[in-house]
Amino acid sequence: MRRYKSIFIFSTVICLAVFALFISTKFNGSQAEKRETWVTIDANELKTIQDESLRNGTKIELNVKRIQDGIAVVLTNDGELEKLSGEMHKHFQKCAGFIAHQTESEALNSISDFLVADGNQQLVDYTINNQSNVAPLVAQTTEPNVRQTIIDLSAFLTRRHDQPTAIQSATYIKDKWTALAVGRDDISVAFFNHPTNITPQPSVILTIQGTVSPNEVVVLGGHQDSIRSGTTTGSAPGADDDASGIASLTEAIRVIAQSGFRPEKTVKFMAYSAEEVGLRGSRGIATDFQANNINVIGAMQLDMTNFKGNPSFDFAFETNSSYVNIPQTDFMKSLVTTYLPTLTYTNTTCNYGCSDHLAWHEKGYPASFPFEAPFNQHNTALHTTNDTIARSNNMATHAEKFSKLAITYVGELAKGSIPTVVPESKARFDFDGDNKTDVSIYRPNVGQWWYLRSVDGGNRAFSFGTSSDIPIPADYTGDDKTDLAFWRDSTNEVFVLRSEDTTFFSYPYGATGDIPAPG
Ligand code: BES
Ligand code: ZN
């Protein structure tokens, strides 16, 4: 098992390492060069690189602090990391990146967390029995809404975590989510700020407070940052990677918030920062949640949802138990079968911790990753200036399916419903306003009214009217209290004694011989 896991760590780390190529070529500020970074990296891989560099004269200075379970914990800086990544890329031609950590103990913890996490364990009871509430919501997503969010997010020059526009794009998401939640006092939206040495880009979290079990939390997330291979500046539209995931989530938020749907468990939508530089936002949040004993019962990751790379499949689920929870992933497949019966799915794996689901999985929380296509058929324009919505025919048809899946996930894992507002029925002949009918008497020969106040049993008497007047009590003044009133046939007038202040007014109405009929 350990060996099996190590193989995956091995490939994870390589892929992670290639990525460093992307992030740092233009890092020329000396501060950036000196900034300390802890990374975990496969020990054998590292040795090959070191041997090679000795042979070919590339100087890489890496402070290898220790080796545990075949993984090296290295203290380095962004400048050295760049060289390391370049070497990794050169020797292994694998994807990209490294796993970055804030401290040595965090680096060590992530190794043991990864080894302990068991993706085959069923941690939650899954049921699908909320069709009457969920099915109508699923029908409410619209493709143009999803498309607009992709267009807006990819219009930022770059959402790379350390660029000024990355703060603007985070603010765009926060503002957009806040606007969608107007009128919902159970929904809040906030930045989750990370330590400045981790990233200046805040994550964004929208929270819907659960009505029944608020301490159980369902997470849906995607990363808000983009990246461009080979340069830290310049255009990085990231339309598919991962404006699409944020757009799918945003449309699910719109439908849930505007329909009035209220989940029984707390639901959190997250736009993680700095995923592209080593899952920094999601790892920060998952670490914080674990430290605060927050009971996350499930996490769904949406990263790349708008490129249908295989015509036969709408969803490709990551099914490698080293990276995701299998029972929860099976539950998601059942959600597709139940709610989206015309859509298809398949199994796939990217064979390393290629997105934010790993941050939750590592901490022992059930995580799943429905993806746009089998991994080798995904959008290859990612991390380039060509990652625009044009690659998806300027449509968000594919990403909209993930909005629907997200809605079913909320509706069946957090359950909930749209509360029906029953208008309070008003008691008739309620003179004292306690919503109970009061006994009343009009004695015409003396022009006297009485009513027995149900609110306190007190009797109230009024001299109002004459012997020929016809009583027509009702709430004429709109204060939810019945007013004493009569119709005087001889003068064709209505008299109303205001319940508010017992002053009266009269109103000419009707003709002699009429029979009053208030209502
Ligand atoms: N969206 C990608 C992950 C991805 C790429 C999934 C291709 C499937 C196919 C993600 O944003 C990314 O680039 N991840 C990095 C790893 C991360 C830990 C820095 C990667 O894959 O190199
Ligand atoms: Zn991505």
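Predicted model: local features only at pLDDT ≥ 70, side-chain atom pairs only at ≥ 80, totals over all residues.

Biologist: What makes a residue part of the lining of the second largest cavity, and which residues are they?

Modeller: A lining residue must have an atom within 4 Å of a cavity point. The residues that line the second largest cavity are Glu-106, Ser-110, Asp-113, Arg-283, Thr-287, Glu-362 and Lys-363. This cavity has a volume of about 50 Å³, and the model has 5 cavities of 30 Å³ or more.

Biologist: Why is Ser-248 called buried?

Modeller: Buried means under 20% relative accessible area. Ser-248 has a relative accessible area of 0%, and is therefore buried. Ser-248 lies in helix α9 (residues 239-259). Beyond residues up to four places away in sequence, Ser-248 touches Val-146, Leu-302, Thr-305, Ala-399, Phe-402 and Ser-403.

Biologist: Which peptide bond is cis, and what is its omega?

Modeller: The bond that joins Asp-241 and Asp-242 is cis, with an omega of about 5°. Asp-242 is found in helix α9. Most peptide bonds are trans.

Biologist: How do you know that β5 and β6 are paired strands?

Modeller: Two strands pair if there are at least two bridges between them. Between β5 and β6 (residues 203-208) there are 6 bridges, so these strands pair, and they run antiparallel. Ser-188, for instance, stands opposite Thr-207 in β6.

Biologist: What is the order of the strands in the open sheet, and why do β5 and β12 stand at its edges?

Modeller: The open sheet has 6 strands in the order β5-β6-β8-β7-β9-β12, with mixed pairing. Strands β5 (187-192) and β12 (367-368) each have a single partner strand, so one side of each is left without a neighbour in the sheet. Helix α10 (residues 280-291) packs on the sheet and touches β5, β6, β8 (265-272) and β9 (295-301). The direction of α10 makes about 150° with that of β8.

Biologist: How do you know that β14 and β15 pair?

Modeller: At least two bridges are needed. Strands β14 (residues 439-443) and β15 (residues 448-452) have 5 bridges in the antiparallel sense, and therefore they pair. Ser-440 has Tyr-451 in β15 as its bridge partner. The two strands, β14 and β15, form a hairpin with 4 residues between them, and Gly-447 in the turn has a positive phi of about 60°.

Biologist: What is the phi of Ala-274, and why is Ala-274 called buried?

Modeller: Most residues other than glycine have a negative phi. Ala-274 is not a glycine, yet has a positive phi of about 50°. Its place is the loop between β8 and α10. The relative accessible area of Ala-274 is 0%, under the limit of 20%, so Ala-274 is buried.

Biologist: Why is Asn-435 called partly exposed?

Modeller: Partly exposed lies between buried, under 20%, and exposed, over 50%. Asn-435 has a relative accessible area of 30%, and is therefore partly exposed. Asn-435 is in the loop between α13 (397-414) and β14, and its phi is positive, near 65°.

Note on methods. Residues numbered from 1 in each chain as written. Chains lettered and ligands numbered in written order. Heavy atoms only, no water. Contact = heavy atoms within 4.5 Å. Axes fitted to C-alpha atoms, helices over the stretch in contact; angles between N-to-C directions. 1 Å grid on protein atoms, 1.4 Å probe; cavity = no way out; pocket = protein on both sides within 12 Å on 5 of 7 lines; lining within 4 Å. Points joined across faces, edges and corners; volume = space filled by probe spheres on them. Buried < 20%, exposed > 50% of the residue type's maximum accessible area, 1.4 Å probe, protein only.
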